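This briefing presents selected features of one protein structure, grouped by topic.

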Amino acid sequence: MIYSKEVELMCPVHQGVHHGAAPVPEQAKWVQVKEVKDISGLTHGIGWCAPQQGTCKLTLNVKDGIIQEALVETIGCSGMTHSAAMASEILPGLTVMEALNTDLVCDAINTAMRELFLQIVYGRSQSAFSEEGLPVGAGLEDLGKGLRSQVGTMYGTLAKGPRYLEMTEGYVTDIALDEDDEIIGYKFINFGKMMEFIKGGDDANTALEKARGQYGRVDEAAKLVDPRKQ
């Protein structure tokens with residue numbers, strides 16, 4: 001250790017009382033986090049790249065400082081999907097400190113990791129008050145049946161109004177309009193269910209019909225509009 005001359009000439013003064021780190025909530029316990037292995041929790045965070053072209057939602061399940069589970073969801077940039085694939089291989093098995101200082105290929109994923117690190121080490125995890133935390137596999141619950149991300153894609157112009165393109169329920173095939181040309185519902189295809197039907201043995205057309213659904217007052221519509229063509 002190197003000290004400046006000024007410090008060397010100082011007289012020693014005892015530090016006095018030091019209570020240590022303030023305890024933070026982790027898995028229904030109050031923990032004084034002193035080392036990486038003291039950190040546990042499941043939480044989510046959002047990251048974005050420098051040009052803000054795309055974003056990443058990252059979910060991590062950390063047990064005793066080690067990342068046991070990672071869910072990487074990206075939107076807005078084609079290259080991010082490949083970066084997410086690499087990040088899903090890189091993250092499990094790392095400590096949160098290692099992950100914070102690991103190149104996760106995409107700026108948005110790196111930023112999401114930074115935001116998650118802050119949440120976890122400050123005791124702001126989603127599982128802060130859950131006994132024993134959440135089991136490995138809980139991250140998949142964000143995706144629901146069919147294991148697809150919850151995506152909403154909408155487009156609108158002043159001249160022609162809104163177009164619903166994709167909802168959580170699935171790919172929007174038609175928007176239902178009333179007599180005033182206002183949206184009162186929509187029809188959709190749930191791609192997750194459709195693929196499950198196909199894997200179960202249904203032909204594509206049968207699976208497509210079985211995966212169709214609708215929301216709102218579609219049956220009362222004055223007309224149906226294809227949001228991608230009309």
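**Structural briefing**

Strand E4 (55–63) and strand E5 (66–75) each contribute at least two residues to the lining of the largest pocket. The structure is a predicted model.

**The largest pocket**

- The volume of the largest pocket is about 220 Å³.
- Its lining consists of Ile46, Thr55, Cys56, Lys57, Glu73, Thr74, Ile75, Asp142, Ser149, Gln150 and Val151.
- Sorted by class, the lining of the largest pocket comprises four nonpolar, four polar and three charged residues.

**Helix H4**

- Helix H4 spans residues 107–121, a run of 15 residues.
- From first C-alpha to last, H4 reaches 21 Å, close to the 21 Å expected at 1.5 Å a residue.
- The buried residues in H4 include Ala108, Ile109, Thr111, Ala112 and Met113; Leu116, Phe117, Ile120 and Val121 are also buried.
- Among the elements that cover the buried residues of H4 are strand E1 (24–26), strand E3 (41–48), E4 and E5, together with helix H2 (78–90) and helix H3 (96–100).
- After H4 comes Gly123, which has a positive phi, near 75°.

**Asn205**

- Asn205 is located in helix H6, which covers residues 204–210.
- Asn205 counts as exposed because its relative accessibility is 57%, and the cut-off for exposed is over 50%.
- Asn205 and Asp38 are 167 residues apart along the chain, and their C-alpha atoms are separated by 53 Å.

Terms used. Residues are numbered from 1 along each chain as its sequence is written. This is a predicted model: local features need pLDDT of at least 70, side-chain atom pairs count only at pLDDT 80 or more; totals for chains, interfaces and linings use all residues. Side-chain values use heavy atoms; hydrogens and water are left out. On a 1 Å grid over the protein atoms alone, a cavity is a set of points where a 1.4 Å probe fits but cannot get out, and a pocket is an open set with protein on both sides within 12 Å along at least five of seven lines; lining residues have an atom within 4 Å of a point. Grid points are joined across faces, edges and corners, and a volume is the space filled by probe spheres set on the points. Helices (H or I, at least four residues) and strands (E, at least two) are DSSP runs, numbered from the N terminus. Ala, Val, Leu, Ile, Met, Phe, Trp, Tyr, Cys and Pro count as nonpolar, Asp, Glu, Lys and Arg as charged, and the others, Gly among them, as polar. The expected span of a helix is 1.5 Å times one less than its number of residues. Buried means under 20% relative accessible area, exposed over 50%, partly exposed in between (1.4 Å probe, protein chains only). Contact means heavy atoms within 4.5 Å.
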